[in-house]
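User: I am new to reading structures like this one. Can you walk me through a few features?

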Amino acid sequence: MGLKFAVSQRGRRIVGRFARGVEIVEGLLALCREQKIHAGELRGLGHLISAEIAQFDEKGRSFRPPRSLKTPVELIHLYGNISMLGNEIVLRAQASLLRDDTEVGGGLTVLGGQLVRGVAHSVEFVIEAFDDLTMRRELDAVAGLPVLVVEEKEEEPRRHGSTEEHGGKSSWSK
C-alpha cells in the first residue's frame, strides 16, 4: 500500500516563545535536547529579523545552497517534525514566509522551503512530543534523502501505586 504509520497515545506539549535576536532552529534543537524530545511535531508562527531557506533538488539529490533573506519577514507558517538521525536530534522545519516588497516596486511575496536558520523578532511555537514513538531518519536510495521511519516504542513495565494500596501485592502494568 505504501503507507506506514504508528499511533501515539502518550506525549507532552511544550509551548513557548523566542524573543528578539534568538536563532530559532538552534534554539529548538537545544530545547529538544534539554527536554529529551526524540520524536515530535513542530508548529509555529511569528516574525523573523532574517532567515535562510533551502529547497531539495530532486535531480541533484541534495539541498540547494540556502537562500538568505536579510530583511524582516513574517513567519506565516512553520511546520515540521523532530526525529533522530543516528544519535543526533534533527529538526525538519518547513517555513512559509511573507516578505513585503512594495518599497522596491513589488507587492507581497510568499516564499517557502526548509528553514535552515531564522533569527526571531518574536516567534511562538508548540512542540507535540510523542513519548511512545521512535522517529528516526534513514537514507532512502530512491528519494535520495533521509526519510522518516516511525515505530511504536516497546515500554518497560512501570510500577503503579504502592504495596500498601494493593494489599501488600505490587502492581505492574505494561
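User: Is Asp-131 buried or exposed?

Analyst: First, note that this model is predicted. For burial, check relative accessibility: under 20% is buried, and over 50% is exposed. Asp-131 has 19% relative accessibility, so it counts as buried.

User: Where does Asp-131 lie?

Analyst: Look at the elements on either side. Asp-131 sits in the loop between strand S8 (108-130) and strand S9 (133-140).

User: With which side chain does the side chain of Asp-131 make a polar contact?

Analyst: For this, look at N and O atoms within 3.5 Å. The partner is the side chain of Arg-12, at 2.9 Å. Setting aside neighbours within four places in sequence, Asp-131 is in contact with Arg-10, Gly-11, Arg-12 and Lys-153.

User: How many aromatic pairs does a search of the whole structure find?

Analyst: The search finds 2. One of them joins Phe-56 and Phe-63, with 5.3 Å centre to centre. Their planes are 70 degrees apart, and angles over 60 count as edge-to-face, so this pair is edge-to-face. Phe-56, at 22% relative accessibility, counts as partly exposed. Phe-63, at 40%, also counts as partly exposed.

Key: Residues numbered from 1 in each chain as written. Predicted model: local features only at pLDDT ≥ 70, side-chain atom pairs only at ≥ 80, totals over all residues. Heavy atoms only, no water. Helix = DSSP H or I, 4+ residues; strand = E, 2+ residues; numbered from the N terminus. Buried < 20%, exposed > 50% of the residue type's maximum accessible area, 1.4 Å probe, protein only. Polar contact = N/O pair within 3.5 Å; in protein donor to acceptor, adjacent residues only side chain to side chain. Contact = heavy atoms within 4.5 Å. Phe/Tyr/Trp six-rings, centres within 6.5 Å; stacked < 30°, edge-to-face > 60°.
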